[in-house]
Amino acid sequence: MMDLTRRAALGALALAASFGLAGPAAAQTTLKWAHVYEANEPYHTWALWAAEEFKKRTNGKYTIEVYPASTLGKESDINEGLSLGTVDIILTGQLFAGRAYGPLAIGGAPYMFRDFAHWQAFRNSDLFKELGEGYKKRTGHDVVALTYYGERHVTANKDITKPEDMKGLKIRVPDAPLYTMFPRAVGANPTPIAFAEVYLALSQGVADAQENPLPTIQAKKFYEVQKNIILTGHITDALLTIVSGSTAQRLTDEERQTLYSLLKEAADKCTDDIVKAEKELVSWFRQQGKNVVE
C-alpha cells in the first residue's frame, strides 16, 4: 500500500513538472539581452542595472541576462535574433535596424543634427515615434528607447587636417550602407569590418583608419594603434533599445510597462554618462600623447 502511495506521489510530481508546476524555480523566465559593446562601457552598466531592477520589480519572476561584446553575434546577427527567438532585447545601431525598415536609419545620416540639443529634440519628437511605429509594422518588434552614442570622429595614423587628406584612405566602417556616405564624399575607401575585429584590423594594417565616438575609441583601445584623432563629428549617432514582439506579447501589461519604463530610464542615464565622457576625453587623449585635430 505504501509503495502504491509513493508511486502515485512520484507520478503527480512528474506530471506537475511536465506542465511547469514543479515550484518557484520553474516559474522563473530568463530573457536574453545582447549588444556588441564592452562590459566596462556605460551601455552594459546600465543594461545590468535595468536587468536587476526588472528582476526586483517582478519579484524574481524574470531574470535578464545581458551579453556584451558580440557574445551572441555581431550587429546583424542580434537584429536577426529578434525574429529567430534567440534574443529578447537588443541594443543596436539605427543603421542596422534600418535594414529592416529604411526610414529608421535617418538619425544616423551624416551631419543630420546641428548639436546635441537638436538630437535630443529628435529623440523626443513625434517623428521618432512614427519611425518606431513603422518599424513595428514591418517587423513586429518594439523600439523602446534611444541612447546617445556620441559624435563619430575619425582616427588614423595619417595626418589629416582637411577633407582632401582623406582621399584614398582605407577606413573601417560598420557594415551598414549609410556609414559609407561620409568616407565616399571625401574620397576615402570605406571598408566594412565587424566591430569585434576592428582593433586587430588596425594593428595589422588591414585598415588605415576607423571612425567612432570618443568614449568608444577609449573603451575599445583604438587609440593604442592610431596616432591621430580628427574631430570630424560627421555623425551624431545613437543606439536603439528594441524588444522582440514575441517577448513583449508574453508579458502582462503591467510587466511590459515596467520593463519599458526601466529601459527608457537606463537610456537616459547612459546618455548622461556619454555626454559627460565626451567633454572630458579630448584632454585625456592629449595626455596619452595623441594628436587631436579640432
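The following legends describe close-up views of a predicted model. Residues are numbered from 1 along each chain as its sequence is written, and side-chain values use heavy atoms, without hydrogens and water. Local features need pLDDT of at least 70 and side-chain atom pairs pLDDT 80 or more, whereas totals for chains, interfaces and linings use all residues.

**View 1. The largest cavity, with a volume of about 70 Å³.** A cavity is a set of points on a 1 Å grid over the protein atoms alone where a 1.4 Å probe fits but cannot get out; lining residues have an atom within 4 Å of a point. Its volume is the space filled by probe spheres set on the points, which are joined across faces, edges and corners. Among the lining residues are Trp 33, Tyr 43, Thr 147 and Cys 270. Helix H12 (253-287) gives the largest share, 4 residues. Helices are DSSP runs (H or I, at least four residues) and strands likewise (E, at least two), numbered from the N terminus.

**View 2. Helix H4 (residues 75-84) and its buried residues.** Buried means under 20% relative accessible area with a 1.4 Å probe, protein chains only. Glu 75, Ser 76, Ile 78, Asn 79, Gly 81 and Leu 82 are buried in H4. Their cover includes strand S1 (29-34) and helix H7 (126-139). Just after H4, Gly 85 has a positive phi of about 85 degrees.

**View 3. The largest pocket, with about 440 Å³ of space.** A pocket is an open set of grid points with protein on both sides within 12 Å along at least five of seven lines. Of its 16 lining residues, those closest to the centre include Lys 129 and Lys 264. H7, strand S4 (142-156) and H12 each give two or more residues to this lining.

Technical notes. Buried means under 20% relative accessible area, exposed over 50%, partly exposed in between (1.4 Å probe, protein chains only). Contact means heavy atoms within 4.5 Å.
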